[in-house]
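Please keep the structure in view while reading.

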Amino acid sequence: MNNEDILLRRVVQSDVGALFRYSSQKEVAAAAGFKRANNQADALSFMHFLDNDFSWVIEEQKKKQVIGNICLYEGSNAAGEPVTTTRTLGYALNKDYWNQGIMTLALKQLLKTLPPGTVKTIEAFVALDNPASARVLEKNGFVCQDVITLPFWKNFAQQERACVYRRDFTG
C-alpha cells in the first residue's frame with residue numbers, strides 16, 4: 001500500500017453500510033475498545049459520532065470503500081475543561097485489511113495535514129495484547145510513556161492494561 005491507495009475524508013451518510021461492516025466485527029471492536037455495532041441504528045449512531053472536524057474515515061481508493069476511521073478526541077484537564085492542544089488518538093480498521101500497513105499510512109497522512117500549532121501532544125492507549133497497533137504508533141514516532149489500567153475497557157477491549165503512547169509536536 002502507498003499514500004495514493006487510501007484517502008482520509010469526512011464521513012457522509014452513504015458510509016453507514018461500510019461503517020456497520022467493520023464496527024460490527026467483534027475483533028475490531030475489541031481491538032479499538034468500543035462497543036460493537038449490532039444493527040444499522042448503531043452504525044448510524046457511530047456515523048454521527050464521527051461527524052466532527054477531528055474525525056476522518058479511511059477510504060480504500062480502488063473500491064471507493066470506507067474501511068476504517070481515525071480520530072483525534074479532545075482531552076480535558078483535571079477540572080473537566082477542554083484542552084484543545086492535547087488530543088487522544090483512536091482508530092479502527094476492517095479486519096479484512098489488517099496487517100497491510102494501511103493504518104500506518106493513515107496516521108502518517110493525518111499527522112502531515114495537521115495545521116502547525118493546533119495540536120501540541122497526541123496520546124493513544126493501546127492494549128498490551130495489541131502489538132500491531134503499537135507498531136503503527138511506533139512507526140509514526142510515538143513512544144510508550146507508561147502502562148496503566150483502564151477499568152472502563154473491561155466491557156469492550158481484550159484487556160484492561162494499556163500502554164500510553166505519546167508524541168509531542170513542538171517548534
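## Basis of the values

A residue is called buried when its relative accessible area is under 20%, exposed when it is over 50%, and partly exposed in between, using a 1.4 Å probe and protein chains only. This is a predicted model, in which local features need pLDDT of at least 70 and side-chain atom pairs count only at pLDDT 80 or more, whereas totals for chains, interfaces and linings use all residues. Residues are numbered from 1 along each chain as its sequence is written, and side-chain values use heavy atoms, with hydrogens and water left out.

## The disulfide

The structure holds one disulfide, a term for a pair of cysteine sulfur atoms within 2.5 Å; Cys144 is joined to Cys163, with an S to S distance of 1.6 Å. Cys144 is partly exposed at 34% relative accessible area, whereas Cys163 is buried at 5%.

## Aromatic rings

There are four aromatic pairs, where rings of Phe, Tyr and Trp (its six-membered ring) pair if their centres lie within 6.5 Å, with planes under 30 degrees apart counted as stacked, over 60 as edge-to-face and the rest as tilted. Among them, Phe34 and Phe46 are stacked, at 5.6 Å centre to centre and 25° between the planes. Phe34 is buried at 19% relative accessible area, and Phe46 is buried at 14%. Ring pairs also link Tyr22, Phe34 and Phe46 into a cluster.

## A charge over a ring

Arg87 lies over the face of Phe54, 3.7 Å from the ring centre; the criterion is NZ of Lys or CZ of Arg within 6 Å of the ring centre and within 35 degrees of the ring normal. Phe54 is partly exposed, at 23% relative accessibility.
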